[in-house]
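Visitor: Could you walk me through this one? I'd like to start with the strands and then move on to the core.

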Amino acid sequence: MNRLLLFTLVIALGVCGHPAPAWPFDEILFIPWGSGPGHAGYRLEPSGCFGPTDFAIVPWESDGSTRYVLLDREQSLLQAFDLIGGRPVQVMATPPWAERVALQGSEIALWDGDALHLGTWGDSFRRTPLDGVPFHTIQRLIWNDGEVMAVDERARAFRLTRHGRVLPPEEMELMDAGQIQVIRQAPRTLGIARGSLQRSGITLPFEVGSVELLGTAGGTCILLVDVILSPTPIQARQVLVFAPLEGDALRLVPVPRVYFTWLPHSFLVVHDTLYGLVSSPRGLHLFAADSARLHDQGLAFPVFLEEPYHLNDHLPSVADSPGFGTRDEAPLSRSQMMLNARAFVNLQWSASSGNITSGIQQLPDGSSVRTPAWVTVGAKQKVPYKWGGFTSTSTFAAGVPLGKKCGDDYTESVSWTDLYCIGVDCSGFVSRCWNTSQKYGTATLSQIAAQLGSFGEMRRGDCLNLVSSHVRLCAEDNPPGMVLTMEASAYDWRVSYRAYTLSALSSYVPMRFDWVIEEEPVAPWIVRVKDGVTTLNVRQGPSISEAIITTITGGQRFASTCAHDGWYHFHIPSGTGVHGGWALGGSTSANGYLEGSQATSIARVTTPALNLREGPGTGYGIITTVAEGQHFAILSSSGSWHELQLCNVPGFDAGWASGTYLAITPGGPRDGYGASVESLSYPSTLNEGSSATVTLELANTGQCSWDTSTLLATTVSRGRASAFAHPGWVNSATVSPLGAAVLPYQSHATVFQIHAPQVGADTAFSEHFGLRQDEFCWFGDSDQRGPADDAIVLSILVHDLGGLAAPVIDPDGVAIVGGQLGFSWEAVAGAASYGVFRGSLAGSPSPVPVSVITGLSYASSHGVGDVDENVRYWVRAYAGADSSDLSQPVGEHDFALP
């Protein structure tokens with residue numbers, strides 16, 4: 001099958017105008033494998049073959065020549081080669097594990113996965129840890145106007161320094177590239193945009209995986225594109241695509257299928273010259289094509305690299321975990337999988353000398369271990385790799401102070417238990433992320449996971465498995481070519497994030513846990529940032545330890561697709577695929593940052609690429625392009641066009657799209673209403689005719705947001721007139737709307753009044769309440785999530801006073817009339833007159849009589865402006881020598897007066 005696809009590709013390249021090769025790529029440098037200056041180091045492990053991780057082409061200040069600088073991670077060397085003589089002219093030791101480099105003159109910036117190192121040739125480096133950075137991986141370091149910037153796996157650029165000072169994470173800027181954007185508009189189609197100039201519909205003769213913009217030369221964009229030969233097991237190769245910003249000419253140059261060591265990136269465009277690095281079993285080959293040759297139709301690589309070689313097909317086999325029969329495992333949500341995974345990356349611990357071996361050490365169980373070199377005395381983060389390890393984060397944290405060895409990179413002997421050595425290997429990590437009852441190996445994962453039809457179906461929590469070698473956890477939904485993963489790997493001997501092109505994942509099989517719980521609701525809901533929120537962070541995952549993607553502000557609305565423990569995931573406008581982030585909504589509606597609604601219609605994009613315009617028609621300018629599968633809140637409609645809420649599009653809060661390319665979900669209630677009682681507070685006894693306050697705190701445990709149509713009403717039986725009905729209720733059977741937009745996972749405290757009935761003797765009441773969505777459902781229905789009709793109950797003993805009931809103030813009768821505060825009350829059975837009292841609620845109430853009347857209303861003799869907010873009025877009923885209790889107080893600030 002692969003041979004047929006490859007043959008099709010070759011034919012397609014010929015159709016695109018690629019004649020017989022003229023071999024214009026020059027090999028300008030060859031570096032053999034070996035040790036010491038002039039050689040490149042590599043290391044073969046079960047999870048990969050690792051060698052140099054970065055290179056740069058820089059002008060040399062001393063003589064004006066051009067030098068090739070190689071970051072040799074395995075030897076911890078930075079080597080500068082003379083491109084003419086092919087020899088190292090300067091060699092410098094680097095900090096261990098450095099994996100990215102950028103140079104500007106004599107200044108050097110290095111990144112080691114945890115910290116930024118700044119220095120100069122021949123000098124020492126200054127290390128600055130970067131905790132809580134807004135990105136998972138750095139694909140490139142670059143200098144820009146004297147400052148260091150990082151480019152992540154999504155081609156987003158972040159400023160790391162300002163005026164020579166390394167910025168703390170909260171000050172790091174997400175920089176607008178402002179130049180050229182490449183958009184995957186369809187499986188075989190790319191779009192290129194630079195400012196107002198857009199070129200869309202570049203159709204390639206193959207399905208496109210990841211796309212990297214290398215640069216421009218002479219008005220031509222140079223792209224490095226993955227060609228998908230097989231979606232599962234993944235087979236891909238890389239092709240250079242030369243696409244002019246204007247015109248229809250398109251040239252394709254296949255990259256050699258030679259991949260001896262993992263190269264995070266292998267091409268650079270510097271001063272209109274394209275440099276390419278190929279890692280072969282012999283060594284590193286550096287090729288170059290200058291601006292003149294870049295336009296040569298015969299551009300190709302030398303024939304000696306035509307024999308395919310891929311490291312994934314030549315890795316040593318692993319010692320798999322002991323065999324088990326097929327087991328039933330517990331269902332697990334994707335959010336919980338990712339929380340489990342992030343716990344391994346974010347775990348902070350402190351190593352002592354007792355946790356570290358000196359070389360290879362034999363344990364009491366007969367196994368031999370060697371702790372990784374990065375595990376040194378002091379504070380550490382991330383769980384270390386352990387050959388054969390299946391340690392949970394809690395067991396690891398408990399084992400460190402007991403002196404257990406932390407990690408094991410010696411692969412000749414296996415310690416399967418946590419008795420003496422703790423950590424996880426690749427399959428142990430995935431097994432822990434899936435909460436399995438035992439450790440599954442790369443050869444036995446198929447007992448609990450099924451192969452997917454394509455890498456494009458992967459979601460966060462799925463895995464990429466290479467039997468008998470390695471397994472990686474997918475860390476994102478529907479990866480757009482470049483796949484963000486989490487893995488316990490021999491690359492750095494710990495659990496880390498890493499991003500791979502499809503060509504680097506050759507032979508891996510996408511797999512899904514058999515008991516995964518998909519968290520997509522029946523229909524999305526709308527989350528709205530509360531007014532007054534100036535900045536709310538959007539993060540990669542549902543945790544404050546996750547990297548910040550962007551920020552949002554009050555009033556913006558998004559379509560949310562799932563929630564987890566007070567965090568809400570929603571779509572962010574993007575032209576490269578379904579892309580989203582997580583924001584903290586808050587545990588309660590009172591102090592939270594987000595509120596929800598089920599009433600707003602939602603639009604889902606149904607075409608690979610959709611233009612959003614400034615107005616409802618094709619005559620309006622294009623604001624941005626969004627991709628298939630994204631959801632948006634509809635703000636308004638005009639004919640067949642709909643206005644969609646946007647964020648992070650400079651100058652625009654909304655954009656218009658044709659309904660032809662949208663699937664509309666009308667606003668309104670959805671299935672899945674539910675609540676649980678967090679707390680219930682009320683008095684257990686009341687005197688007849690008196691009133692009291694009830695505070696009921698409810699948690700939203702359903703899939704739907706509550707709104708003004710969510711009501712608290714009587715149950716057992718439903719809609720029954722309550723003995724405790726208060727004049728402030730909607731009616732005798734309905735207490736009140738909840739009055740808040742409460743999202744799933746949020747809680748809300750509703751406060752209401754009850755009024756005790758008149759009784760002839762002390763009487764016990766059990767008053768039941770339930771929740772209903774007006775004209776839709778009761779939460780206690782069999783197809784909803786409760787609470788049951790008898791779950792909210794007030795058990796109150798009402799005392800018979802044998803006298804007059806206290807008057808009840810009519811809330812609708814409170815008003816400001818002629819500059820005076822007026823109010824009225826309900827007649828009390830048997831009362832002949834009523835006394836009005838005035839006093840203060842500051843401290844203890846001390847009402848004093850001001851008037852006795854026979855009517856049912858009163859207007860204060862004090863102007864409203866004279867009434868302090870602590871001044872209140874009360875009413876008492878009289879009948880001969882009998883008198884009632886005082887009514888509830890009434891004042892200017894007790895009611896929402898105009």
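Guide: Two strands pair if DSSP finds at least two bridges between them, and strands themselves (E, at least two residues) are DSSP runs numbered from the N terminus, as are helices (H or I, at least four residues). This is a predicted model, in which local features need pLDDT of at least 70, side-chain atom pairs count only at pLDDT 80 or more, and totals for chains, interfaces and linings use all residues. Residues are numbered from 1 along each chain as its sequence is written, and side-chain values use heavy atoms, with hydrogens and water left out.

Visitor: OK, which residue stands opposite V848 in β70?

Guide: That is R838; strand β69 (residues 833-840) runs antiparallel to β70 and is joined to it by five bridges.

Visitor: And what order do the four strands of the open sheet take?

Guide: The order is β70-β69-β72-β73, with antiparallel pairing, and the edge strands, each pairing on one side only, are β70 (848-853) and β73 (882-883).

Visitor: Switching topic, which residues touch the most other members of the largest nonpolar core?

Guide: They are Y68, L286, W349, F429 and W434, out of 85 residues. Such a core is a set of buried Ala, Val, Leu, Ile, Met, Phe, Trp, Tyr and Cys residues joined through side-chain atoms within 4.5 Å, where buried means under 20% relative accessible area, exposed over 50% and partly exposed in between (1.4 Å probe, protein chains only).

Visitor: Which helix gives the largest share of this core?

Guide: Helix α3 (residues 334-346), with five residues. A second, separate core has 29 residues, including A692 and L771.
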